[in-house]
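Student: I would like to learn how to read helix packing and a ligand site in a structural model. Could we work through a case together?

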Amino acid sequence: MMETVNVKNIGLRGVTVADTKVSFIDGKEGVLVYRGYRIEDLARNATFPEVAYLLLHEILPDTKQLSYFNERLQKASEIPAYLYETLKHYPVDANPMDVLQAGVPLLAMADPELSDDTREANVRKAVRLIARLPVLVAAWHRIRQGLEPLPADNSLSHAANFLWQLHGVKPSEKMAHILDTCLVLHADHTFNASTFSCRQVVSSRAHIYAGVTAGIGALSGSLHGGANALVMKMLLSLKEEKDIAGWVKKQLESGERIMGMGHAVYKTMDPRAKFLKEMALSLGKETGQEKLVDLSMQIEQAALAEFEKRGKTEIKPNVDFYSASVYHLLGIPSDLMTPIFAISRIAGWTAHIIEEKTGEAQVKPALY
Ligand code: COA
């Protein structure tokens, strides 16, 4: 009989693969910095397009630069007609992450600058990707419901337009602002698994779309971006559960993980989770669905208590724990939660791909 060997999946933990100037994390202190700016400052004061500009251009845009960047995003957002046609042939129950991953090479085929590997051309391709991934996600959601995709509304912000193209209803300013902040919070995170995948693929001089396709594949895993959908599944399955503490204990005793908790780098509270918790509380109140947020907090409390008993006090809610409730309260179906992570992380992925291609990270990053 073959002996089973329990090999711990350690990935690339502890291995330094390269330097980066795009972002910085201090896992002990719970610090996340994009291009020298703390995530708290950006979440409070910047929009997603500003952050995308910052990640790509290394500086925050002034008013004129931002307005031009927003215009470029709007102009670039149209996806080729053959992509809509292709989507119509997919099985309606196809996983939206698979649809997104399959869509990126189809976008590559329509890019007139595909073979131009200069920094400038890659920034233009990055802008097209940032503009088009949300359109692709929204179009798939419409098509799988037998609806026609909606044209963009250029009077709306990037986040508001996504909600409009997804639901066919103009979101309130508050809803759009909350989604925009979620996009800011998810935009980059140094050498996580998906970013590493993007960089590794383009290190062979493959094009930006090939790198992004790999990143989407890595993000879909349940230990990475796929965790938010599983958090939602957990919340929905526990709606009627009276003994949350008992459920958490049983889960851990049987060797199962509590989704949305723990992090490969943060050994304290994930700085993004604090914002997401606040937003979940505020949206819960606004939509009259406080029960869902209350359930998340009960799971958090019970899990923290159990982890403490087991001497694992470093396991805390991560970015996925409260983002699941936030997205649900924004009317986003569970299987679109990971694609929404992707429509934000595309800003970080492309910044990293450009850094990999240009060797711009030769100098150690300034911390914060
Ligand atoms: N629930 C239960 N136990 C957990 C846990 C969780 N969410 N996260 C970590 N642990 C435990 C592991 O079982 C392991 O225990 P052991 O040493 O007794 O075997 C220990 O903590 C270390 O976990 P490990 O996976 O080796 O290392 P890590 O800290 O680098 O793990 C994650 C990071 C993200 C993979 C892990 O926390 C996880 O699986 N979380 C749930 C999935 C998730 O939310 N992913 C999104 C990340 S942003």
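Student: Is the crossing of α12 and α14 right-handed or left-handed?

Tutor: In this predicted model, the crossing of α12 and α14 is right-handed.

Student: Which values describe the packing of two helices?

Tutor: In general, a packed pair is described by the angle between the two axes together with the distance separating those axes. Here, helix α12, which spans residues 244-253, packs against helix α14, residues 290-309, at an angle of about 50°, and their axes are 9 Å apart. Because of that angle, α12 counts as oblique to α14.

Student: At what angle do the axes of α13 and α15 cross?

Tutor: The axes of helix α13 (residues 271-287) and helix α15 (residues 319-329) cross at roughly 25° and come within 8 Å. Since angles under 35 degrees count as roughly parallel, α13 is therefore roughly parallel to α15, and the handedness of this crossing is left-handed.

Student: How is α8 packed with α15?

Tutor: Helix α8, made of residues 173-186, packs with α15 at an angle of about 155°, with 11 Å between their axes. Angles over 145 degrees count as roughly antiparallel, so α8 is described as roughly antiparallel to α15, and α8 passes α15 in a left-handed crossing.

Student: Turning to the ligand, how many residues surround it, and which are the closest?

Tutor: The ligand is surrounded by 22 residues, of which R13, R257, I258, G260 and M261 are the closest. By residue class, the shell around the ligand comprises nine nonpolar, six polar and seven charged residues.

Student: How much of the ligand's area does the protein bury?

Tutor: The ligand taken alone exposes 850 Å², and the protein buries 77% of that.

Methods
Residues are numbered from 1 along each chain as its sequence is written. This is a predicted model: local features need pLDDT of at least 70, side-chain atom pairs count only at pLDDT 80 or more; totals for chains, interfaces and linings use all residues. Side-chain values use heavy atoms; hydrogens and water are left out. A residue is near a molecule or strand if one of its heavy atoms lies within 4 Å of it. Accessible areas come from the Shrake-Rupley method with a 1.4 Å probe; for residues, only the protein chains shown count as cover. Ala, Val, Leu, Ile, Met, Phe, Trp, Tyr, Cys and Pro count as nonpolar, Asp, Glu, Lys and Arg as charged, and the others, Gly among them, as polar. Axes are lines fitted to C-alpha atoms, for helices over the stretch in contact, and angles run from 0 to 180 degrees between N-to-C directions. Helices (H or I, at least four residues) and strands (E, at least two) are DSSP runs, numbered from the N terminus. Angles under 35 degrees count as roughly parallel, over 145 as roughly antiparallel, 65 to 115 as roughly perpendicular and the rest as oblique. A crossing is left-handed if the near helix is turned anticlockwise from the far one by less than a right angle, and right-handed if clockwise.
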